[in-house]
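User: I would like to learn how to read a ligand site and a nonpolar core in a model. Please take the ligand site first.

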Amino acid sequence: MSSSKMENSQWSNLYLGICIFSLQWILTYQQVNVALRGIATQSSSFSGYYYASFAIDGNRASDLRLSSCTHTNADNSPWWRVNLLAMYDISNVIITNRGDACAERLNGAEIHIGNSLINNGNNNPRCVVIPSMPAGASVNYTCNMRGRYVNVIIPNVIQYLTLCEVEVYGVPVPVFKKAFLRIMFNSNEDLSNPTMREKVLGKIKSTNVQPSIFQIQWTKEPELETET
Ligand SMILES: *[C@@H]1O[C@H](CO)[C@@H](O)[C@H](O)[C@H]1NC(C)=O
């Protein structure tokens with residue numbers, strides 16, 4: 001009698017997959033100027049002032065005297081860069097040109113976006129070449145590129161680079177993490193039956209506090225081991 005009861009009892013290995021979205025991605029999935037939280041640097045700073053950070057001060061003021069624009073020395077291929085500190089899907093970049101004088105100095109500037117710091121990040125893929133920009137104008141460039149660094153460079157010329165604001169609109173690249181659980185059930189129920197499995201999964205899901213972050217599903221057919 002007891003041996004026949006044992007035969008009806010099944011051990012089932014069930015494989016549960018859990019997909020965890022980055023919490024940061026959930027909380028910040030909106031287009032914001034992520035440059036404001038970055039760290040800026042440039043090829044040189046004119047008279048030791050006109051810091052690279054003046055282009056990410058959240059202020060589009062375009063008169064050089066207002067201490068809100070960057071200014072390099074007359075460098076060969078002068079450049080400016082913001083390190084966004086994490087990888088972003090960048091939809092567009094808005095650049096504000098100097099307004100009080102010398103607007104033509106920005107002619108031929110390029111925006112580059114990527115993850116490399118080779119050649120100070122200036123070798124990253126190019127979004128756009130800026131032929132020219134009116135004095136004090138803010139122009140919106142569509143990039144749809146991914147990266148941690150955004151550079152502005154005026155290549156192959158000895159020139160001053162001045163930027164009164166660089167806004168970078170993007171969202172953090174989502175981070176996916178997967179975890180797998182192996183659960184052993186001792187059950188008289190037939191877990192090879194999909195309806196039964198859905199029932200068990202429903203019970204597990206009902207205990208899940210953050211269903212938007214944790215997605216749970218079976219990742220494998222149950223493996224049945226019948227005890228004899
Ligand atoms: C920049 O352009 C994009 C698409 O071309 C648009 O969705 C976005 O709203 C613009 N940004 C601003 C601040 O005007």
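Analyst: A residue is near a molecule if one of its heavy atoms lies within 4 Å of it. Here the residues around the ligand are Asn92, Ile94, Asn140 and Thr142. This is a predicted model, in which local features need pLDDT of at least 70, side-chain atom pairs count only at pLDDT 80 or more, and totals for chains, interfaces and linings use all residues. Residues are numbered from 1 along each chain as its sequence is written, and side-chain values use heavy atoms, with hydrogens and water left out.

User: Which elements each supply at least two residues of the shell?

Analyst: Strands are DSSP runs of E, at least two residues long, and helices are runs of H or I, at least four long; both are numbered from the N terminus. The strands in question are β5 (79-96) and β8 (138-153).

User: Which side chains have polar atoms facing an oxygen of the ligand, and at what distances?

Analyst: A polar contact is a pair of N or O atoms within 3.5 Å; within protein, one must be able to donate a hydrogen and the other to accept it, and residues adjacent in sequence count only if both atoms are side-chain atoms. An N or O atom in the side chain of Asn140 is 2.4 Å from a ligand oxygen. For Thr142, a polar side-chain atom lies 3.4 Å from an oxygen atom of the ligand.

User: Now the core. How many residues does the largest nonpolar core have?

Analyst: In soluble globular proteins, nonpolar side chains tend to be buried together. A nonpolar core is a set of buried Ala, Val, Leu, Ile, Met, Phe, Trp, Tyr and Cys residues joined through side-chain atoms within 4.5 Å. Buried means under 20% relative accessible area, exposed over 50%, partly exposed in between (1.4 Å probe, protein chains only). The largest core has 32 residues, and Trp80, Leu84 and Ile95 are among those with the most contacts inside it. Strand β5 gives the largest share, seven residues.

User: What does Leu84 touch, leaving out residues up to four places away in sequence?

Analyst: Contact means heavy atoms within 4.5 Å. The partners of Leu84 include Val34, Ile90, Val150 and Val168.

User: Is Ala135 buried or partly exposed?

Analyst: Ala135 counts as partly exposed because its relative accessibility is 48%. Ala135 sits in the loop between β7 and β8.
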